[in-house]
Amino acid sequence: MVKLTKIYTRGGDKGKTSLGGGTRVQKHDPRVAAYGTVDETNAILGMARLHCEGAADDLLARLQNELFDLGADLCTPEVESPKYPPLRITPEQVTRLEQDIDLINQDLEPLTSFILPGGTAAAAYLHLARTVARRAEREITTLAEEDAINPAALHYVNRLSDLLFVLARQLNDGGKADVLWVPGGTR
């Protein structure tokens, strides 16, 4: 377990930070950008949870914990030899997201249009989190072009955005309160 006794270290005052294995990199390094955007997604899920209860809140709590796992995975390059075995996203976690998606999606109203982000406060935050998760996915693919990553990490974030989409729909009265795009509707 992590124990933080001091919040500031001054170690980043010159624009560098440490990865999971101790290597120092620039704070704008693609790896740092990727796990930073995962952290941003997590923060938005915390906002969504303010408007959720029951099963939806429980699911978001699990996702928040798994996003920390994803950040730890991305923070530790595959080639480094850290003191402790690195925490990695597993294929089983990806499968569980797929099961969650299928379970939620089976009760939703069929889509008849693209959906505009909105509806309930919880759904609006989940749509925001979904778009930030998609940005994290783009940053992870950029990172993967120059450095080895755990393939399950990319699979996870791809499924995550899909799960956030169907969960937002569920929290919009099962899709009945979705805000639909009307193509050319303002002409």
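Helices are DSSP runs of H or I spanning at least four residues, and they are numbered from the N terminus. The model is predicted, so to speak of its conventions: local features need pLDDT of at least 70, side-chain atom pairs count only at pLDDT 80 or more, and totals for chains, interfaces and linings use all residues. Residues are numbered from 1 along each chain as its sequence is written, and side-chain values use heavy atoms, with hydrogens and water left out.

A salt bridge here is a side-chain nitrogen of Lys or Arg within 4 Å of a carboxyl oxygen of Asp or Glu.

Let me turn to helix α4. Arg134 and Glu137 both lie in this helix, 3 residues apart, about one turn. Their salt bridge has its closest N and O atoms 2.8 Å apart. Arg134, at 28%, is partly exposed, the class between buried and exposed, the latter being over 50%.

Arg134 also meets Asp162 in a salt bridge, 3.1 Å from N to O. That pair links distant parts of the chain, since Asp162 belongs to helix α5 (residues 151-170), 28 residues away. Asp162 is partly exposed at 29%.

Which residue pairs with Glu40? The partner is Arg135, with closest N and O atoms 3.1 Å apart. Glu40 lies in helix α1 (residues 30-49) and Arg135 in helix α4 (residues 121-146), so the pair ties together parts 95 residues apart in sequence.

How values were computed: Helix = DSSP H or I, 4+ residues; strand = E, 2+ residues; numbered from the N terminus. Buried < 20%, exposed > 50% of the residue type's maximum accessible area, 1.4 Å probe, protein only.
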